[in-house]
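Look at the structure below.

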Amino acid sequence: MAYDLALGDRAYSSWSMRGWLLFERFGIPYNAHYARLSSDAFATLIEGFHPARTVPAVRFPEAAIGDSLAIAEELATRHPEAGIWPKAPRARALARSLAAEMHSGFVALRRACPMNLRVSYSSFPVDETVAADLRRLETIWDHARQACDSDGPWLCGDYSAADAFFAPVAARIAGYNLNVSASARAYVEAHLADPAFRRWRAMGLVDGDDRAEYFYDNPRRAWPGPVPLPAGAVKDGTPENTVCPYSGKPAGHLLEIGGRIFGFGSAFDRDKTVADPQAWPEFIRMLG
Ligand SMILES: N[C@@H](CCC(=O)N[C@@H](CS)C(=O)NCC(=O)O)C(=O)O
């Protein structure tokens, strides 16, 4: 069964990103319901998940709940096969501790550098409290990787909820070009290249107007993650496909890539694909 999942602005809502990654990254079925933060639509959406009052929120058959850490634990209990927490006791204990520290900590970093997936600054000076948060991240990330003998990119072996919890931190380090060690930067790069992260960001780039309060006047640079394949929305042309690869709806909204035309069931599905074509397995399969 698919759970109803309430989420906010993809570009700015770091807790929504964590919640969504828990479903998307671990193959747990969901129906996503989005509303922009502080909108009337958000108030209506969250009312439907009472008593939750923030996103992410999930409707389980017995109760609706908010709070990303509670959602992670509840999903892990309901779906033990999904691998939300590592199986090995040491890795599992550390992954839980990492997610909890993220959930309750790093206040200076979170305040000074709100997540904004639409921009990257070439320089963003930070004070010593933010620098201390960055040093703490380096310490716990290095410790986890060593203690868990992680030979891949993630903290405690395979991707776990701990990594989902740090994905928005990786986005902040990338977006604000924050100074971290080589090993921390490699971990950030793994997030930026992760297809699920890229899908969330691609949606965040196209799901509404910029919110000025999340932007600073600092000099900007290109987003430091993988460079998307060049693609664009077009009005005219005959698509190679007849139905949308995501929704199965008629392929009426057109995209051009490398001289080829493909159609999608909505402008949003087309635009999220334009934003990062390689992030979408259904589209890549169609592209051949
Ligand atoms: N501790 C919560 C924090 C969730 C949270 O603060 N979500 C924000 C969006 S990033 C929200 O829903 N804000 C709307 C509001 O406060 O009205 C969690 O882990 O999920």
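In this predicted model, an oxygen atom of the ligand is 2.8 Å from a polar backbone atom of Val-55. Two side chains also make polar contacts, meaning pairs of N or O atoms within 3.5 Å. The table lists them.

| Ligand atom | Side-chain partner (N or O atom) | Distance |

The protein covers 68% of the 510 Å² of accessible area that the ligand has on its own. Such areas come from the Shrake-Rupley method with a 1.4 Å probe.

Which residues surround the ligand? Ser-13, Trp-15, Leu-37, Phe-42, Thr-54, Val-55, Pro-56, Asp-67, Ser-68 and His-103 do.

Three strands form an open antiparallel sheet, ordered E7-E8-E9. Strands are DSSP runs of E, at least two residues, and helices are runs of H or I, at least four. Two strands pair if DSSP finds at least two bridges between them. E7 (232-234) and E9 (260-264) are the edge strands. E7 and E8 (residues 253-257) pair over three bridges. Val-234 has Leu-254 in E8 as its bridge partner.

Residues are numbered from 1 along each chain as its sequence is written. Local features need pLDDT of at least 70, side-chain atom pairs count only at pLDDT 80 or more, totals for chains, interfaces and linings use all residues, and side-chain values use heavy atoms, leaving out hydrogens and water.

Note on methods
A residue is near a molecule or strand if one of its heavy atoms lies within 4 Å of it. A polar contact is a pair of N or O atoms within 3.5 Å; within protein, one must be able to donate a hydrogen and the other to accept it, and residues adjacent in sequence count only if both atoms are side-chain atoms.
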